[in-house]
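Subject: Structure handover

Hi,

Here is the structure for you to look through. Please open it alongside this email and follow the notes below.

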Amino acid sequence: KIGQDKIPDVTFSLYRVADISDHGILTITKDFQRYNINFDELDEEAFQKLAENLAAYVKRDEIPVIDQGKTNLDGILQFPTGEKQLYAGVYLIVGEDHIINGQLYDAQPMFLHLPTYLGNNKFLYDVEISPKYRLKEKTTEIKVVKVWDDKNSKYRPSSIEVQLIDGATDTVKDTVVLSKKNNWRYTWKEPPFGDWE
């Protein structure tokens with residue numbers, strides 16, 4: 001919901017990030033092994049940041065969707081859809097941007113643990129979660145900074161590539177190289193995104 005408004009016709013996609021064994025051990029799925037994923041000791045902010053990073057990667061790299069559907073008139077979507085099945089694991093849920101009264105909102109990506117552990121050796125398989133919608137402001141400037149946390153390792157690469165992705169169309173709008181020469185940072189003064197109004 002946005003305020004008290006129910007948001008119908010929003011598409012959400014489900015991606016299987018990890019399998020969960022009977023003993024609660026997580027194994028990252030093949031589609032996500034290329035990314036640096038570690039669920040250990042993450043606080044809420046870090047957990048959300050990981051979801052947002054993976055949401056950008058699945059669009060860029062066209063990771064296969066496990067399930068997909070649209071919210072109904074009450075703003076509700078139930079997984080699995082149709083004849084599909086969900087198994088124990090960690091899932092990433094990604095919602096598409098949605099326009100309401102000329103304003104663009106996005107649903108924050110989120111993780112779903114299935115089943116959810118309730119404590120005392122109890123598990124919940126019928127899990128209900130609610131996405132948080134954010135108003136997306138028009139941006140005239142976007143900054144990117146690479147912060148290294150490697151204790152000045154001698155194995156640090158001489159440069160890295162960063163892509164600017166248009167979330168509305170899932171297309172790469174620009175690619176820049178960050179290195180010591182530009183102090184590992186870059187600013188797009190006028191991002192090449194279309195108008196949503």
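Two strands count as paired if DSSP finds at least two bridges between them.

**Overall**

The protein chain has one helix and 14 strands. Of its 197 residues, 30% are buried. Take the contacts in the chain with a separation of 6 or more: 61% of them join residues 24 or more positions apart. The accessible surface is about 13,800 Å². Carbon and sulfur atoms hold 46% of that surface.

**Confidence**

The mean pLDDT of the chain is 83. A value of 70 or more is reached by 89% of the residues. Among the elements, strand S3 (residues 67-70) has the highest mean, 94. Strand S8 (residues 116-119) has the lowest, 73. Where pLDDT is low, the predicted coordinates should not be read in detail.

**The helix**

Helix H1 covers residues 44-61, which is 18 residues. From first C-alpha to last, H1 reaches 26 Å. That is close to the 26 Å expected at 1.5 Å a residue.

Which residues of H1 are buried? They are Leu50, Ala51, Leu54, Ala55 and Val58. Seen down the axis of H1, the buried residues fall within an arc of 140°, so they line one face of the helix. An α-helix has 3.6 residues a turn, so residues three or four places apart point the same way.

What covers the buried residues of H1? The cover includes strand S1 (11-20), strand S4 (89-95) and strand S7 (110-114). Just after H1 comes Glu62, with a positive phi of about 55°.

Strand S6 spans residues 103-107 and is mostly covered. Four of its five residues are buried.

S6 pairs with strand S5 (residues 98-100). The two are antiparallel, with three bridges. Ile99 stands opposite Leu104 in S6. S5 and S6 form a hairpin, with two residues between them. In the turn, Asn101 has a positive phi of about 50°.

S6 is also joined to strand S10 (residues 133-135). Again there are three bridges, and S6 and S10 run antiparallel. Here Tyr105 has Leu135 in S10 as its bridge partner.

**Where to start**

Find H1 and its buried residues, Leu50 among them. Then turn to S6, and trace its bridges to S5 and to S10.

Best wishes

Notes. Residues are numbered from 1 along each chain as its sequence is written. This is a predicted model: local features need pLDDT of at least 70, side-chain atom pairs count only at pLDDT 80 or more; totals for chains, interfaces and linings use all residues. Side-chain values use heavy atoms; hydrogens and water are left out. The expected span of a helix is 1.5 Å times one less than its number of residues. Buried means under 20% relative accessible area, exposed over 50%, partly exposed in between (1.4 Å probe, protein chains only). The arc is that of the directions from the helix axis to the C-beta atoms. Contact means heavy atoms within 4.5 Å. Accessible areas come from the Shrake-Rupley method with a 1.4 Å probe; for residues, only the protein chains shown count as cover. pLDDT is the predictor's confidence in each residue, from 0 to 100.
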